[in-house]
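Here are my notes on this one, as numbered points. Have the model open next to you while you read.

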Amino acid sequence: GWPALEAWLLGHPRWGAGIRRWRDHGAIPRRAKWAATAMMLLSAGAIWWSPAPLAVKIGVPLVMAGVACWMWLRPET
């Protein structure tokens, strides 16, 4: 939608390579996988100890587990 922003992001020294790897191969770096997994675990713990309904306490971690499984099956390079 914004070619100038796309060009800037793809040429960015920090984020460009990762964006290109995602576009070309659907790859997620291992470090990002670990960070995302840790954040999902922390979030699941916070939800479990919150006053949320039981369906939320069970449903949200199940969705996050599904996302984590999908993410870990993605290539890394």
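1. The largest nonpolar core has seven residues: I28, M40, A44, I47, M64, A68 and M71. A nonpolar core here is a set of buried Ala, Val, Leu, Ile, Met, Phe, Trp, Tyr and Cys residues joined through side-chain atoms within 4.5 Å. Buried means under 20% relative accessible area, exposed means over 50%, and partly exposed is in between (1.4 Å probe, protein chains only). Helix 3 and helix 4 each supply at least two residues of this core. As background, nonpolar side chains tend to be buried together in soluble globular proteins.

2. A word on provenance: this is a predicted model, where local features need pLDDT of at least 70, side-chain atom pairs count only at pLDDT 80 or more, and totals for chains, interfaces and linings use all residues. Residues are numbered from 1 along each chain as its sequence is written, and side-chain values use heavy atoms, with hydrogens and water left out.

3. What does the secondary structure of the protein chain come to? Four helices and zero strands, in the pattern α-α-α-α when read along the sequence. The radius of gyration is 16 Å, well over the 11 Å that the globule rule gives for 77 residues, so the protein chain is more spread out than a compact globule. That radius is taken over C-alpha atoms, and the rule is 2.2 Å times the number of residues to the power 0.38. Helices (H or I, at least four residues) and strands (E, at least two) are DSSP runs, numbered from the N terminus.

4. Some totals for the protein chain. The C-alpha trace spans about 45 × 25 × 20 Å along its principal axes. Of the 77 residues, 18% count as buried. The accessible surface comes to about 5,900 Å², and 72% of that belongs to carbon and sulfur atoms. Areas come from the Shrake-Rupley method with a 1.4 Å probe; for residues, only the protein chains shown count as cover. Among contacts (heavy atoms within 4.5 Å) with a separation of 6 or more, 58% are between residues 24 or more positions apart.

5. Now helix 3, which has 19 residues and reaches 27 Å from its first C-alpha to its last, close to the 27 Å expected at 1.5 Å a residue. The expected span is 1.5 Å times one less than the number of residues. Which residues of helix 3 are buried? K33, T37, M40, A44 and I47. They cover an arc of only 90° around the axis, which puts them on the same side of helix 3; the arc is that of the directions from the helix axis to the C-beta atoms. On the other side, R31, W34, M39 and L42 are exposed.

6. Helix 4 has 20 residues and runs 29 Å from first C-alpha to last, close to the expected 28 Å at 1.5 Å a residue. Its buried residues are K57, M64, A68 and M71. Seen down the axis of helix 4, these fall within an arc of 70°, so they line one face of the helix. L54, A55, L62, V63, C69 and L73 are exposed on the other side of helix 4. The packing goes both ways: the buried residues of helix 3 pack against helix 4 (54–73), and those of helix 4 pack against helix 3.

7. T37 is found in helix 3 (residues 30–48) and is buried, with a relative accessible area of 17%. Not counting residues up to four places away in sequence, T37 touches M71 and W72. With neighbours within four places left aside, M71 is in contact with I28, K33, A36, T37 and M40.

8. P75 is in the segment after helix 4 and counts as partly exposed at 34% relative accessibility. Leaving aside neighbours within four places in sequence, P75 is in contact with H25, G26, A27, I28 and K33. P75 and L5 are 70 residues apart along the chain, and their C-alpha atoms are separated by 26 Å.

9. Finally, L10, in helix 1 (residues 3–11). At 21% relative accessibility, L10 counts as partly exposed. Its contacts, with neighbours within four places in sequence left aside, are G16, I19, R20 and R23. L10 and W72 are 62 residues apart in sequence and 24 Å apart in space, C-alpha to C-alpha.
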